[in-house]
Amino acid sequence: MTKGRHIVSAFDDDLITVQAKISEMGGLVEVLLSEALEALKNRDAELAQAVILKDKQMDAMEIGLEELATQIIALRQPMAQDLRVLLSAIKIASTLERIGDLAKNIARRAIYLSEAKPVKISHSIVHMGQETLRQLSEVLDAHSQRNAELAVDIWNRDVEIDEMYNAIFREVVTYMMEDSRMIGLGSQLLFVAKNLERIGDHTTHISEMIYYVVKGEPLGDDRPKGEPIGLGVSPF
Amino acid sequence: MSDMTDTVKISTKNVDVFYGDNHAINDVSVDILHNTVTAFIGPSGCGKSTFLRCLNRMNDTIDSCKITGDLLMDGEDIYAKSVDPVQLRAKVGMVFQKPNPFPKSIFDNVAYGPRIHGLVGNKTDLEEVVEKSLRRAAIWKEVKDRLHAPGTSLSGGQQQRLCIARAIATAPEVLLMDEPASALDPIATAQIEELIDELRHNYSVVIVTHSMQQAARVSQKTAFFHLGDMVEYGDTSTIFTNPVDQRTQDYITGRFG
């Protein structure tokens, strides 16, 4: 983190506001994901509906942050780390907004699933969701602390979520092969798992932004990734 | 056009400058590359202008000024006894902060250098050099119909471009510019910056500027000075995006003090 304050103190205020808005968006997206998982676990269609409505706030917050960052860039001509903070704020806001969309999509499917008969596999998916949520919370902490080491650690751990996804994928496909009446329900579950896996990827993207802000260089692209989906499932 | 970027035009090593007891430059070593714009940035009093003025011995006129270290142009010692400072300054031209045209006509301002250095044989040649210099300084079209009007009758931006034409009329190899656009409006500034980019194809340009945006726009290399030290030198794109030294970072992001 850059030490010291700007000579123009209003510039510091601007950057603090940007940071606060990211934290605010991060807080809301944590709530969205956690409530979507709650709705999935408890077969609570009402809560799922509330998540869908709340996601609208994310869009408005993203637009607000983008406008603020653009204005600061135009008015203050930031350099070096200040510029990186603003550019990555725009990207992080858009990533958080996408995570919000995925959480909303999980809530939609939770409504469908609440009307179907309960299935055992939901527990694995909720467990995967909790792990995804934990990494998301950690990456938001890493962002507010400008902690590049923590960010890299989370980035490396996304492979665990990938592996959970692959395990769930195999299991659900097996169910669907055993009982074709499971196909509709199974597809919904697969979409939920896929959404969580995507949230994990977005989380690593935020890790990359944190690393870039602190170190001034990209983190690179050789992140450990899970094996390609569907591997090990016989192609019928 | 030959591209000699990366060849060293002026090499300086362990340069110290004293004004009496005041140690103004402390052990500075930096290379000025051919066909490259090098920007010197830093807060007031950091030594960047002093260092710039060492490169064409402008500090010789200050009695209390003492310079040690190696300053070589094309491998030749700039401070050797055999070097005539006047000849040196024809090769290492300079443009100052405030436009300072001679109280002469536009034509004579530009013709002055080639005349005293005996660079031209006859009137036709001289007229050619004047026209070429004014064209290269991007002011020819504005003054071609009033070459015998006084240089001081031009606007500030035009005067500065006239001074640049005057500086390049002696076919210098290096052009030193000390805040060349600080007294100009944004349009004249943009014209000067465009010109600097043009000039770089034939000369090495060294520019001292307080405007970091300007340094970022016109230069390929940047050196950051602070309290007589050269803190950091590198590619302009690196200095302004990811400098190594905390002091550079603090200065360019507006956090000094």
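User: What makes a helix crossing left-handed?

Analyst: A crossing is left-handed if the near helix is turned anticlockwise from the far one by less than a right angle. In this predicted model, H1(A) passes H2(A) in a left-handed crossing.

User: Why are H1(A) and H2(A) called roughly antiparallel?

Analyst: Take helix H1 (residues 9-42) of chain A and helix H2 (residues 45-76) of chain A: their axes cross at roughly 165 degrees and come within 10 Å. Angles over 145 degrees count as roughly antiparallel. H1(A) and H2(A) are therefore roughly antiparallel.

User: Which residue classes make up the contact of H1(A) with H2(A)?

Analyst: The contact has 18 nonpolar, three polar and eight charged residues.

User: How do you know that S1(B) and S4(B) pair?

Analyst: Pairing needs at least two bridges. Strand S1 (residues 8-19) of chain B and strand S4 (residues 65-73) of chain B have eight, in the antiparallel sense. Across from Val17(B) stands Ile67(B) of S4(B).

User: What makes S4(B) and S5(B) a pair?

Analyst: The cut-off is at least two bridges. Two bridges join S4(B) to strand S5 (residues 76-77) of chain B, and the strands run antiparallel. Leu72(B) has Asp77(B) as its bridge partner in S5(B). The two strands form a hairpin with two residues between them. In the turn, Asp74(B) has a positive phi of about 50 degrees.

User: What counts as contact between chain A and chain B, and how many residues take part?

Analyst: C-beta atoms must lie within 7 Å. On that basis, 16 residues of chain A contact 15 residues of chain B. Helix H3 (residues 80-115) of chain A gives the largest share of the chain A side, three residues. That side divides into six nonpolar, six polar and four charged residues.

Technical notes:
Residues numbered from 1 in each chain as written. Chains lettered and ligands numbered in written order. Predicted model: local features only at pLDDT ≥ 70, side-chain atom pairs only at ≥ 80, totals over all residues. Axes fitted to C-alpha atoms, helices over the stretch in contact; angles between N-to-C directions. Helix = DSSP H or I, 4+ residues; strand = E, 2+ residues; numbered from the N terminus. Parallel < 35°, antiparallel > 145°, perpendicular 65-115°, else oblique. Nonpolar A, V, L, I, M, F, W, Y, C, P; charged D, E, K, R; others polar. Contact = placed C-beta atoms within 7 Å.
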